[in-house]
Amino acid sequence: MAVVRRAPANMPQPEKGARGTEVQRRFVPTPEAISQYLENMKAEEIAQLLASVERRREVYDRIMEHEEDIREFDPDFDPELLREQLDLVGETLQQKKRFQEEMKSPEKKGLMRRAWERVKGFAKRHPIVSTLLVLALAASGVAVGFYLTGNWELLMTRVGVEKILGGAKAAEELIPPTLPTPQLPGGGVFEIPPPTSPPDLGTPL
Amino acid sequence: MCYDDVMSSPVLHLRPEERKIFNSFTDTLKDGWKVEEENRTYEDTAEHRQMRLSLLRVRDPKLLTFLTEAQKEKSPAALAELVHATDLAGVAESDLAELFFALGPATLSMIIEKLLREAKKDEDLADIAALTEIRHSLLSSMMSIS
């Protein structure tokens, strides 16, 4: 079995938001987050395992070997919730893969290419659409800081998307900020590149 | 009607409520457009939306630069400015697909409805046709998972 260094005591601490609630860092079992605990397994290998229900159980068992380490990062770590989350990750990855395959299919390829060409011109013709797409990217990578300070709703209003999405609150629900994947200090197996937008997750379109 | 000049996709995939908006257009604007009912549905949830965003991965240098710069911004005004300054011209199709997948069909439907309400010419409908094609594929990929 792989020897995994335990996270040191100076792990990132929960942050307090302006909303008065303590927002705990959570372990979200994305392939990149899991790969931080499973030595010698790359995120894309884990993504492939998660696509199969049976192999998902295997991933679950291997993650649970590191329960103690994960709890240091996420004291509320719940093994039962982990099962549900792994199912959700697996399902979402499968959906994304189907979307990618459909776009590459001979029947759809031409249509989709022309669709993307039009979307690329939206910055001038429909800037609000480009704004929404860029906001999704922000939500995936940087929004949590804004959420903690109560500014995510304000940002939604500022960029003008709340009118389309039925108000700032609804906009926040449709494009929710996501918690960051744990970045574990200490080197060793934890010393990996940041999980944001890794170069080769999944199949390129 | 210059649909084929604008985009050779022959179809607008519209939901019933969107079709009502389309039907209210002038005959000139409607001329030449084939409308098919979008009868695929997907029950999206907060958990699914959150997970799609958690699994969003881009490779385009422009988008990666946006992420890096955005992490430095501390105020909504500064981040809003950065969001507005980031356009998608030249971004790879694979990254556009990632962004639309993360956004999901429900949000895309809101955009489609807004653009339909503002549509005045064939060019506008060609843009909407592109979005309905993307939504059609999204719904197809999402609903086929049991």
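Helices here are DSSP runs of H or I that are at least four residues long, strands are E runs of at least two, and the numbering starts at the N terminus.

**Glu102(A) and its neighbours.** This is a close-up from a predicted model. Glu102(A) sits in helix 5 of chain A. Leaving aside residues up to four places away in sequence, Glu102(A) touches Lys108(A) from its own chain, plus Ser137(B), Ser140(B) and Ser141(B) from chain B. Buried or partly exposed: which is Glu102(A)? Glu102(A) has 19 C-beta neighbours inside 10 Å, so it counts as partly exposed; the buried label needs 20 or more. Follow the chain along by 11 residues and you reach Arg113(A), whose C-alpha atom is 12 Å from that of Glu102(A).

**Where chain A meets chain B.** The contact involves 61 residues of chain A and 61 residues of chain B. Which elements give two or more residues to the chain A side? They are helix 5 (79–104), helix 6 (106–120), helix 7 (122–125), helix 8 (127–141), helix 10 (152–159) and helix 11 (168–174) of chain A. Sorted by class, that side of chain A has 36 nonpolar residues, 14 polar ones and 11 charged ones.

**The largest nonpolar core.** There are 81 residues in this core, and the ones touching the most other members are Leu133(A), Leu135(A), Ala136(A), Leu137(A) and Ala138(A). Which element gives the most residues to the core? That would be helix 9 (residues 122–143) of chain B, with 10 residues.

**Helix 7 of chain B, from the inside.** Why call this helix largely enclosed by the rest of the structure? Because 9 of the 11 residues in helix 7 (residues 93–103) of chain B are buried. The buried ones are Asp95(B), Leu96(B), Ala97(B), Glu98(B), Leu99(B), Phe100(B), Phe101(B), Ala102(B) and Leu103(B). Just past the end of the helix comes Gly104(B), with a positive phi of about 90 degrees.

**Leu29(B) in helix 3 of chain B.** Helix 3 of chain B covers residues 27–30, and Leu29(B) is found in it. How many C-beta neighbours does Leu29(B) have inside 10 Å? There are 17, so Leu29(B) counts as partly exposed.

**Chain A as a whole, for orientation.** Chain A has 11 helices and 2 strands. The order from the N terminus is β-β-α-α-α-α-α-α-α-α-α-α-α. Of its 205 residues, 40% are buried. Take the chain A contacts between residues at least 6 apart in sequence, and 68% of them join residues at least 24 apart. The chain is divided into domain 1 (22–112) and domain 2 (121–182), and the C-alpha centres of these two domains of chain A are separated by 24 Å.

The mean pLDDT of chain A is 76, and 72% of its residues score at least 70. Which elements of chain A have the lowest and highest mean pLDDT? Strand 1 (residues 15–16) of chain A has the lowest, at 46, while helix 5 of chain A has the highest, at 94. Over residues 1–22 of chain A, pLDDT stays under 50, and the model has 38 contacts beyond four places in sequence for them. Residues 183–205 of chain A also stay under 50, and here the model has 52 such contacts.

**Chain B as a whole, for orientation.** Chain B has 9 helices and 2 strands. Along the sequence they follow the pattern α-β-α-α-β-α-α-α-α-α-α. Taken along the principal axes, the C-alpha atoms of chain B fill a box of roughly 50 × 35 × 25 Å. Buried residues account for 42% of the 146 residues in chain B. Among its contacts between residues at least 6 apart in sequence, 69% join residues at least 24 apart. What does the domain assignment give for chain B? It gives domain 1 (1–44 + 104–146) and domain 2 (57–102), with the C-alpha centres of these two domains of chain B 26 Å apart.

Notes. Residues are numbered from 1 along each chain as its sequence is written. Chains are lettered from A and ligands numbered from 1 in the order in which they are written. This is a predicted model: local features need pLDDT of at least 70, side-chain atom pairs count only at pLDDT 80 or more; totals for chains, interfaces and linings use all residues. Two residues are in contact if their C-beta atoms, placed from the backbone, lie within 7 Å. Ala, Val, Leu, Ile, Met, Phe, Trp, Tyr, Cys and Pro count as nonpolar, Asp, Glu, Lys and Arg as charged, and the others, Gly among them, as polar. A residue is buried if 20 or more other C-beta atoms lie within 10 Å of its own, exposed if 12 or fewer, and partly exposed in between; C-beta atoms are placed from the backbone. Domain bounds come from an automatic or database domain assignment. A nonpolar core is a set of buried Ala, Val, Leu, Ile, Met, Phe, Trp, Tyr and Cys residues joined through C-beta atoms within 7 Å. pLDDT is the predictor's confidence in each residue, from 0 to 100.
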